[in-house]
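Subject: Structure for your review

Dear colleague,

Please find below the structure that I am handing over to you. My findings follow it.

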Amino acid sequence: MNDRIADIWGERTPHSKGTVWPARVDLRLDDGVNEADVDRWVQSACVLCSNGCGCDIAVKDGKMIGVRGRASDTVNHGRLGPKGLYGSTPWASSPDRLTRPMVREHGQLVETDWDTAMGRIVEVSKRLLDENGPLTHGFYTSGQLFIEEYYTLGVIGKAGLGTPHMDGNTRLCTATSAASFKESFGADGQPGSYTDIEHCDAIFLYGHNMPETQTVLWARILDRTRGEDPPRIVCVDPRRTPVAEEADRTDGVHLAPRIGTNLALMNGLTRELFVNGWVDDDWVQAHTIGVDDLRSTVESYTPEKVAEICGVDADDVRRAARIFGESDNILSTVLQGFYQSHQATAASVAVHNLHLLRGMIGRPGAGVLQMNGQPTAQNNRECGADGDLPGFRNWGNPQHVQQLADLWNVDPLTIPHWAPPTNAMQLFNYAESGSIELLWVSATNPAVSMPESARIRKILSGPQCFVIVQDLFMTETAELADVVLPAAGWGEKTGTFTNVNRTVHLSEQAVEPPGEARSDLEIFLMYARAMGFTDQDGAALPSWSTPEETFDAWREATRGRPVDYTGLSYDKLRGPSGIPWPVNEQAPTGTDRLYTDFLFPTDTDVCETYGHDLLTGGTVTETEHRAMAPAGRAFLKGADYTPAHELPSEDYPLLYTTGRTVYQFHTRTKTGRSRSLHRAAPDAWVELSTEDAGRLGISEGDVVRVESPRGAIEVKARVGQVMPGAVFAPFHYGSWDLADVAPGDQHRQANELTMTVWDPVSKQPYFKTAACRVTKIADAVGPSPAPTTAASAPAEAAASQVPATAGGDPTSSVLVPTPHYVNDPSQMSEES
């Protein structure tokens, strides 16, 4: 196999439009191990991005020692990306795994047994319930667990305790995906399919640096653009990413709008469809509502006005709109560049508007993929662990609440539905004020990943809230907890999960977890049993004990809903690799794309939400929704552009945006322990344009201070390919691998600068619209640690100063870090 650190997307297998994507099997084993040495291969799928690539885990002597792509898998046709290849297994044998529960005694975390740790949790939980009721309890989870674990947690929270205070870190990455689907189509769920890549004539990527966030999916696109009859690429991104380079190569367009102006650009593109006669009027009349209001909203957004607001060329706006208006089949993908920026839901809904105006949905090559950032984020949304009701049910619909009450055999008044569910930003506000007095954090690291990091550390370490953390490692968040529970990870437990385009995989247990670590399902059930939760007949709640029993219960929760799993089982998932929902009697082998009949789940009695005003977030009532008589038609919705909350000023003249690098995932729990991935991106950096760097007297590798009104970082500078006026920083880097540096004393955590401000509809925080200033504080002693590949490559003028990114394993695949420990130095630290 090629060095896939340097060759990110692997060898090309070009093919022409309308043909099947050729298979290519990627394989990586630990050094010195051959395929013949493997004891057994265990079915799974990769969890180091949202793509959901089918793979098999190599096991030797009871240890995971590598991975192999599954050629027959519907998602990846055998391919794996750098994170999947180099990062899937080394973390599992890292010596700093959590192996025993810990409790805080006299200010220090000390090891204990499970009975003591769970006993302390249950004592606090019961006391708070007796004193102040279920609103004292909050749960903050992840996009990393399995269906079985999310659903169990959802039942415990909604039917056992009766708290609305549940959300996941999915609020930070892809809540806008779910919100935009609900606003346009009535319910969550990806309309499009990865197979649309094989059939489309153009691909629009909005705020989506796919070459780094979903490497295998980008390889799929490259195999089309390198084949006959390639699609044209249109890139919307303030950085010159490989997507932008491919746009140039395919006679497409790169639109680099100013940070925070996405909606103005989208309104301009929408206007161009109207004024140039590119709207399918008959289709729109038959299958949508709201076209006249939308036309009125976008009427003033001429290409010249868009150019003035966004800083793009007016003719480029016209060119991009013409590609959308004249192509026969178009695929659009969207990610954090829209979701985490100003007016996120309105901009993402505008992508749907373009497709609906042209009738570009429900057929091969014509679809939308509002992407996810995590492998199981979709399941958090489906199962109700994010606050929504399971099965895409509407918390404002009494019939939907009653369905769950009947399913769980509980009083419907126990299930919280009197107000919108609590989002993550509110969750931490309540924990800060002491309204939430018990906060349970599972498989995520908010001390690094939440905006305004100093505030989050203060909340988690304060006496007003009892904090529980269950995770693989002693993370920056776990260091602040009152109880820490050791969890089993991927490959150490069995469960199912669903990727971006609704494809369900079964991940079988390959090895035993270390020490006393337990699966998240076991931990949640242990709590439920210790609390004595029961249904109305006195039976245990939840009633299941094993992963397969849990999955069977989840299937029933989906019956008759848009997210229908009733035709799936563990046995069925052990057959064909990857099956997209809905799977039921009408679609026994799965459903490649939704809305092929142009009927949408918008009816008042069916929909997941009654909708919102995209500008203010004001809710549409049931009565108002019913009066619109949607009758299975999609909604066309628009909003005017407004300036972002924080604009550049004399003191803070630049705009700060955060994002990802191809070689790390989230806060590096797993990828940071892979030697190859760590060497490729070992430390934080910040990217500036050549223009801004020259004006500020900054050269490649200089140490700079980047400061916002909330905090600062001090890192090396990459003179790179970001647009003038913008500053980019990767958010992955916390303090766990910095020896003798406390979390509050490190100077590389990107979210020190970000704002506690969020979208009015999706409630997703704005990580990409903060004002900042950059000051040089030391001369370079070498280049920045930024990779030289993909979007972080140096600008041409600085490239000669930067050596190429190294790859490969000098000795072994496992990196043993030297972490900082607030408590016992013999313990180790990290995040899931």
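In this predicted model, all 5 of the 5 residues of strand β19 (residues 503–507) are buried, so the strand is largely enclosed by the rest of the structure. Here, buried means under 20% relative accessible area, exposed means over 50%, and partly exposed lies in between (1.4 Å probe, protein chains only). Strands (E, at least two residues) and helices (H or I, at least four) are DSSP runs, numbered from the N terminus. Thr503, His505 and Ser507 point one way from β19, while Val504 and Leu506 point the other way, and all of them are buried.

Strand β19 pairs in the antiparallel sense with strand β18 (residues 495–498) over 4 bridges; two strands count as paired if DSSP finds at least two bridges between them. Leucine 506 in β19 stands opposite threonine 496. The hairpin of β18 and β19 has 4 residues between the strands, and arginine 502 takes a positive phi near 70° in it. Strand β20 (residues 579–580) is joined to β19 by 2 bridges and runs antiparallel to it. Proline 580 in β20 is the bridge partner of threonine 503.

As to conventions, residues are numbered from 1 along each chain as its sequence is written, and side-chain values use heavy atoms, with hydrogens and water left out. Because the model is predicted, local features need pLDDT of at least 70 and side-chain atom pairs count only at pLDDT 80 or more, whereas totals for chains, interfaces and linings use all residues.

The nonpolar cores come next. A nonpolar core is a set of buried Ala, Val, Leu, Ile, Met, Phe, Trp, Tyr and Cys residues joined through side-chain atoms within 4.5 Å. The largest one has 137 residues, of which Tyr206, Phe338, Leu357, Tyr656 and Val706 touch the most other members. Helix α15 (residues 344–358) gives the most to this core, with 7 residues. A second, separate core of 62 residues includes Leu506, Ile523, Tyr570 and Leu573.

Tyrosine 656 belongs to strand β22 (residues 654–659), where 6 of the 6 residues are buried. Both faces of β22 are covered, with Leu654, Tyr656 and Thr658 on one side and Leu655, Thr657 and Gly659 on the other. Beyond four places in sequence, tyrosine 656 touches a set of residues including Val706, Ile713, Val727, Phe767 and Cys772; contact means heavy atoms within 4.5 Å. Strand β22 is joined by 3 bridges to strand β27 (residues 770–778), and the two run antiparallel. Alanine 770 in β27 stands opposite tyrosine 656. With strand β26 (residues 726–730), β22 pairs in the parallel sense over 5 bridges, and glycine 659 stands opposite proline 730.

Strand β9 (residues 202–206) pairs in the parallel sense with strand β13 (residues 330–334) over 5 bridges, and tyrosine 206 stands opposite valine 334 in β13. An open sheet of 5 strands has the order β11-β10-β9-β13-β14, with parallel pairing. β11 (253–255) and β14 (367–370) stand at the edges, each with a single partner strand, so one side of each is left without a neighbour in the sheet.

Tyrosine 339 lies in helix α14 (residues 336–339) and counts as buried, at 0% relative accessibility. Among its contacts beyond four places in sequence are Cys173, Ser177, Ser348, Met371 and Gln764.

Isoleucine 65, in strand β4 (residues 63–69), is buried with a relative accessible area of 5%. Its contacts beyond four places in sequence include Arg28, Leu29, Val38 and Thr89.

Finally, a note on confidence. The protein chain averages a pLDDT (the predictor's confidence in each residue, from 0 to 100) of 94, and 95% of the residues score at least 70. Over residues 806–812 the pLDDT is below 50, and this stretch has 20 contacts in the model beyond near neighbours in sequence. Residues 816–832 also stay under 50, with 76 contacts beyond four places in sequence. Where pLDDT is low, the predicted coordinates should not be read in detail.

Yours sincerely
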